[in-house]
Amino acid sequence: MPKYLAAAAARLAYSCAYFVRCCADSAGHRYHVRMNDALNRLHVFNRLSHSSAQLEGAASLGDGMAVAIWSNRLDAVSYAPQGHHTLSCYLDGGYDTFLRSRPEQRGAPGRLCVLPDQQETDWVVNGHLRFLHLYFSPEQFASQTLALLDREPREMCLPQHTFFDNPQLAELCRALPRLDCSDPGQRLQGNVLAHHAVSQLVQSQLGPRRNLRLKGGLSATLRRRMIEWLDTQLDQPLTLGAMAREAALSETHFAHMFRISFGMPPHVWLQARRLARARQLLAQDRLSLAEVAMACGYSSPSHFSNRFRTALDLTPSHYRALLQQVRIPS
């Protein structure tokens, strides 16, 4: 090959490699920007960021969930009503950490605490403490409550629970810090572990609200029928009007009653259901991406890809490839 052609080929190869690196760096930068935005909207995370606590690592896991590992010593931290739920697992120390209102109860490695979204708490940290926080949204809580307990979220209470033992739940929490969430495959494993942890928490800690007087909402029979019907219609371009007609209600009344019973608007619940179906189909590896998009009611593969990436920070093709490369906990 002539020297000038070899030099041109070398310059082209270098340019291509540089472009690939820039794209990778840009994708990583975009993820970190989105992750920081998501974490900074969490009240507990923000309060700890402005305390003496040291952040060891954090990641947005998708589906309204995030994880952070902290260490702290000789501090006092208070949390106002948060707008999100927090599960705390002590990883090391904590023997002299307590709620100011309950000084007789102390932490220890493996102990768990639940901070509900509307609870105000005031903590004292004496000595050393290293702990994990799993943050999850009220929508994630509502979805799990409906799916696992067949109960409306407003019927159930996630109580504040301090320093309790649950070996299975603690093991799920301890597995999260072992992951490198900067790696998309391990971040996907973290998403699955977080789903398992929230499921375990819902099944073991939820109880019925006391002196509850329900007003409004869909009847239990209609709620179940709507779930079954919607699951058969996920491949259709569903509208609020179509859902309201199935329930024999006006659009405004149906949207209001649905939100009361499901803990979220119809379009939010429907989007989560479609993404869950898409993940099942991607794991089966029988359908093309375009066929998956069609089966889940997305108007186009690009629409599907954008929605999927917003939820998990992965494209559908990347998600499918990662499922083939990494071992996802069952």
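Helices α4 and α5 are roughly antiparallel to each other, because angles over 145 degrees count as roughly antiparallel, under 35 as roughly parallel, 65 to 115 as roughly perpendicular and the rest as oblique. α4 covers residues 167-175 and α5 covers residues 184-205. Their axes come within 9 Å and cross at roughly 155 degrees. Axes here are lines fitted to C-alpha atoms, for helices over the stretch in contact, and angles run from 0 to 180 degrees between N-to-C directions. On the α4 side, Q168, L169, L172 and A175 make the contacts. They meet L193, H196, A197, Q200 and L201 of α5. Contact means heavy atoms within 4.5 Å.

A word on the model. It is predicted: local features need pLDDT of at least 70, side-chain atom pairs count only at pLDDT 80 or more, and totals for chains, interfaces and linings use all residues. Residues are numbered from 1 along each chain as its sequence is written, and side-chain values use heavy atoms, with hydrogens and water left out.

Now the whole chain. It has twelve helices and nine strands. Helices (H or I, at least four residues) and strands (E, at least two) are DSSP runs, numbered from the N terminus. Of the 330 residues, 45% are buried. Buried means under 20% relative accessible area, exposed over 50%, and partly exposed in between (1.4 Å probe, protein chains only). Among contacts with a separation of 6 or more, 72% join residues 24 or more positions apart.

Next, helix α6, residues 220-232. Its 13 residues should span 18 Å at 1.5 Å a residue, and its end C-alpha atoms are 19 Å apart, which agrees. The expected span is 1.5 Å times one less than the number of residues. L222, R223, M226, I227, W229 and L230 of α6 are buried. An α-helix has 3.6 residues a turn, so residues three or four places apart point the same way. The buried residues of α6 pack against α3 (138-149), α7 (240-247), α8 (251-262) and α9 (266-284).

Turn to one of those partners, α3. Its twelve residues reach 16 Å from first C-alpha to last, close to the 16 Å expected. Buried in α3 are Q140, F141, A142, Q144, T145 and L146. Just after α3, D150 takes a positive phi of about 55 degrees.

Most residues other than glycine have a negative phi. D63 also has a positive value, near 60 degrees. D63 sits in the loop between β1 (54-62) and β2 (65-79). In strand β2, L74 has a phi near 50 degrees. L74 is exposed, with a relative accessible area of 60%.

Another partner of α6 is α9, and A276 lies in α9. A276 is partly exposed at 39% relative accessibility.

Last, the cysteines. How many disulfides does the structure hold? It holds zero, a disulfide being a pair of cysteine sulfur atoms within 2.5 Å. For C113, the nearest cysteine sulfur is that of C89, 9.2 Å away. C113 is buried at 1% relative accessibility, whereas C157 is partly exposed at 26%.
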